[in-house]
Every structure is written in structure tokens, then in C-alpha cells.
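Hi everyone, thanks for making time.

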Protein chains: 2
Amino acid sequence: MTCSSEENQLQLLTSTDDDYGGVIVQIDQSAMDSTTFLSILRHSISNWKHQEGFWYHHAEPKYLMLVHWIADSANTIPANATHRVGVAAFVVNEKQEVLVVQEKTGHFGGTGSWKFPTGVADQGEDICVAAVREAKEETGVSNLFVVDTEFVEVLAFRQSHMSFFEKSDLFFVCLLRPLSFDIKVQEVEIEAAKWMPFDEYVAQPFMEKYELLRYINDIYLAKVDGHYSGFTPVPTKSSFSNQQNTSYLYLNAGGLKRCNSL
Amino acid sequence: MTCSSEENQLQLLTSTDDDYGGVIVQIDQSAMDSTTFLSILRHSISNWKHQEGFWYHHAEPKYLMLVHWIADSANTIPANATHRVGVAAFVVNEKQEVLVVQEKTGHFGGTGSWKFPTGVADQGEDICVAAVREAKEETGVSNLFVVDTEFVEVLAFRQSHMSFFEKSDLFFVCLLRPLSFDIKVQEVEIEAAKWMPFDEYVAQPFMEKYELLRYINDIYLAKVDGHYSGFTPVPTKSSFSNQQNTSYLYLNAGGLKRCNSL
């Protein structure tokens, strides 16, 4: 170990200055064990000019970003990501039956509760894409699908804090329209999946415990009565950030249309 | 350096197993420079049982989380945070004047454009709180305020990817009602702030470049005509996560009311 650490003393990590007065550490070697890496990183830091005052900005499985603010002005390095995006796939067919699953794992695992599919959006995945994927795969672990759907709108969203580690959660409840009625069950995470009459779905005892779920039930009934408008995705170009890709703007399209048609 | 690193060989970092089969590294010493820490961390890792296969989960200024999945089953460690939450404070007074600022820094810095206040939500800060704060402080850097407001609703939100480092952005456009009409200017980030007639605001040339801003203008006009409903925050208890605090559910409250009143 002492020996390997002395070899490492000769190596330095590749690092580049970023736009914020910090340094980005890059790993060129694809495979390097933690111990070797940390010994090299330690040696590298001792060789960087602004050694003191570095702090962690963020880390992903493949890299760790250290930053250091050189300027005298207030530090304006963009904050680290604070939120995870969760999606619920609320799928109702023409017979007013809700797509429900019984999960093997997770919060509802083994409780016998029939719930709508939920999951976490992947990095870079749009909410309207993630919801359709969750209805199709439920977890993404398996390729077996539950049901094909098309996105209708975001009915509501909930922001909660300290929901995983010290991070926050934005949970988007999405209304989806089924494109098929046959349900296949993927074994990995789901006990079972089926269409359940809405009245039967809302009558489940566990609803008592979840104000959020009761709100969603009320929202759906208002939706059926034609009173409720959620937010639908509209592709937009440009943004306040520098990326020029298309981004989805979620808005009350019905409210806009009614106005424009006047 | 060799000497200090040999002293460090004697130390081990405090670490506790987390619920996901990983290890949480905790820093007991309040102040420790990067080099010393990394040398201790390196030694600690070499002493942990499941040394091989550790990878970065996430890092905050004060800690770095390494994780290792022990079980044979698929890794279900919660994903790292993927999104930053941005807020826009769209404040309009009774004279249909928009609260606009000219920023010294940032995307619009020095362009002479008059824009509504925007900013990034702090960790653990609710969207409806962040929007009011941005209208009051604009950046939070200074305590001098722009204008006191109360939150009305989320008019729309935009999701964009690769907007900072490799992370995504959720940008919530919030309608706020002013509680006062006197505007104080905080010097740090704002050139100036004032009330600008809506027509004058939308007539600014830079609007051409921002489809998002034009959508917000249309939404506001629909709102004035009484056709547009955004999402308002409703406090809810419990959640799919284990935290039992109050979380805000954002929904079309008007749509729900109309239905319940039938």
C-alpha cells in the first residue's frame, strides 16, 4: 500500500478550469479503484495553485467536482441540483377504470394496496416521457410492459423536502390516455396489474392515510365533469440557460385557447 | 507532507451504514483542509470491508457520499438529484404595471432589458416561498428589498436539460400580487427596478428572442380575461416518502371548487 501510494505520487489528475473560477477533475483512466484515485487526487490537489479553499460542488458515479471561487465578488457558482423528479401515471380507460399495480418493493410493497404506477424520471428525461414510460414499464428494470399510453396533462404536482438524503422531491401527477387495453405484468417489481373501476379504487382503505391521493381523486372527478384544467406540454425554443434545444413548457392550454378564440 | 500523511494514517473517518447497503462518511472535525481529509479518506476506504465497488453517489460542500451495493438484487439506491428549481416572480399591480429589473450579472446583465425577477430556490425552500423572496431580494445576496408580494399561483413551468453542468432545470413562472408599491433597489445585482406598463414591457425588442416570455405574456392576458387557471399551493400531510412534514400540492384550485360547488 505504501509502495503503491509512492508510485501514485508521480501521477497527476487531468484538470481543466471551468467557467466559474473552479477546476474540473477529469478521469482519463476508465477503471481505477477508489484508493488509487484518492491518493492521486490528494497529490494533485497539493499541486494545484489554489489548493486552499476547494470544496465539493457535486459528484456523479464517474466524477467528483471540486470548486474554488477566485474572484473577490460573491460566489455565483450555480447551486448543486436539489430535486429529484418523480412521476405518477394516472391512466383511466373509457370505462372509467384506473390502471393499478401492486408493487413488490417500495413504500407500498406487500401492503396489497392497488396504486397507480409511479417512478423517478431519468437524468435528462422529460416529465411527459417519464410518465408514459412508467405506465409502460413501471420501473424501467424490465422490458415487459404494462400498458401503452399517450400523455394528456399534469394534473398537479407536489414539492416535498428531505425526502431522500437531504434532497427534495417534485412529484408530478400525470393523466394518461391508454392506447391499448391488454395488460402484461413485468415480474421484477410488480405483483400484479389490472384495470380497477374508479369507485373501487377510491374505496381502498389506504386512501384514508393519503391526503394527496384523495386530492387526485377529486381532481379526476372534476376533470370528468369538464371543470378541471391541468398543464399540458408545449415545445419551446431558447431559454434563460444557454442550451438552445427544445424544452417543454407546461401550461393550461385550454385557458389560453379560450382566450385566443375571443 | 509525507510526515503529515503518516500522522493521518492513524486516523479513520467516522462512517455509518445507510439504509441502502452503502456507507455514509461523516466529518466530525469542523475544519480540515482537502489534502488532510483526502489522505484520511483514502486510509479509511482501505479499511472498509467492501472497499472495492464504492462509487460516488453525491457530494455537498461539506460531505462526499460514497455508496456500494452489497445485495445481489438490482441496485435500488435512490438516484442523485437531477434538477435545480428556478422561479420567476411575475408581479403585476392594479395599474397593470409589471415589476421589472435590469440585472448587472447573468444572462441579461448589461443588455438593458427590463425583465421580471428570477432566481434559484434554496435547498429545502418551497417554490411559493422562493418566488416571494426573489421579488423581495431578487438574488438573496442583499437584504435590500424590491417589493413585498403575496403568492397567487404557478402560471406555467418549463423543464430544460443540460442547463448547468449535466443537470436539468425546472423553471416555475409565478404570478404574485404586490403588497406595497414603493420599490427599493439593492445594488449588488440589480441595475434598477421599476413598475413598467404591461404594454411597454411586452414591446421590448428582446421578447422576439424568447418564445417562453411571449407565452407568459399570452398567459397573463388570458388571466386578466378570467380564462386562465394556474396551480395554487395547498398544504398536504404525509407523502410517498417517509417524511411527515407538510408539503405543498400545486393544483388548479378553481377547477376543483367549481366541481365541488355543483
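**A walk through the model**

Let's start with one residue: B:Arg84 counts as buried because its relative accessibility is 13%. By "buried" I mean under 20% relative accessible area, with exposed being over 50% and partly exposed in between, using a 1.4 Å probe and protein chains only.

Some housekeeping before I go on. This is a predicted model, where local features need pLDDT of at least 70 and side-chain atom pairs count only at pLDDT 80 or more, while totals for chains, interfaces and linings use all residues. Residues are numbered from 1 along each chain as its sequence is written, chains are lettered from A and ligands numbered from 1 in the order in which they are written, and side-chain values use heavy atoms, with hydrogens and water left out.

Back to B:Arg84. The side chain of B:Arg84 meets that of B:Asp169 in a salt bridge, 3.1 Å from N to O. A salt bridge here is a side-chain nitrogen of Lys or Arg within 4 Å of a carboxyl oxygen of Asp or Glu. This pair links distant parts of the chain, since B:Arg84 is in strand β5 (residues 83-91) of chain B and B:Asp169 in strand β9 (residues 167-178) of chain B, 85 residues apart. When I say strand or helix, those are DSSP runs numbered from the N terminus: helices are H or I with at least four residues, strands are E with at least two. B:Asp169 counts as buried too, with a relative accessibility of 8%.

Now look at chain A. There, A:Asp169 forms a salt bridge with A:Arg84, and the closest N and O atoms are 3.1 Å apart. A:Asp169 sits in strand β9 (residues 167-178) of chain A and A:Arg84 in strand β5 (residues 83-91) of chain A, so this pair ties together parts 85 residues apart in sequence. Both A:Asp169 and A:Arg84 are buried.

How many salt bridges does the structure hold over all chains? The count is 16. One of the others joins the side chains of B:Arg133 and B:Glu125, at 2.7 Å from N to O, and both of those residues are buried. In chain A there's a network of salt bridges linking A:Asp122, A:Glu125, A:Arg133 and A:Glu134. A:Arg133 lies in helix α3 (residues 127-137) of chain A, and A:Arg133 counts as buried because its relative accessibility is 14%. Its side chain also makes a polar contact with the side chain of A:Glu134, at 2.9 Å. A polar contact is a pair of N or O atoms within 3.5 Å; within protein, one must be able to donate a hydrogen and the other to accept it, and residues adjacent in sequence count only if both atoms are side-chain atoms.

Over to helix α3 in chain B. It's mostly covered, with eight of its eleven residues buried, including B:Ile127, B:Cys128 and B:Ala130. B:Ala131 lies in that helix, residues 127-137, and B:Ala131 is buried with a relative accessible area of 0%. What does B:Ala131 touch, leaving out residues up to four places away in sequence? B:Val87, B:Ala89, B:Phe151, B:Cys174 and B:Leu176, where contact means heavy atoms within 4.5 Å.

Next, the rings. A search of the whole structure finds 24 aromatic pairs over all chains. One of them is A:Phe157 with B:Tyr250, stacked at 4.7 Å centre to centre with 10 degrees between the planes. That pair crosses between chains, from strand β8 (residues 149-164) of chain A to strand β12 (residues 247-251) of chain B. Rings of Phe, Tyr and Trp (its six-membered ring) pair if their centres lie within 6.5 Å; planes under 30 degrees apart are stacked, over 60 edge-to-face, and the rest tilted. Both A:Phe157 and B:Tyr250 are buried. They also belong to one aromatic cluster, whose members include A:Phe172, A:Tyr248, B:Phe157 and B:Phe231.

The charged end of A:Lys194 sits over the ring of A:Trp114, 4.2 Å from its centre, and B:Lys194 lies over the face of B:Trp114, at 4.2 Å from the ring centre. The criterion is NZ of Lys or CZ of Arg within 6 Å of the ring centre and within 35 degrees of the ring normal.

To finish, chain A as a whole: six helices and twelve strands, with 56% of its 262 residues buried.
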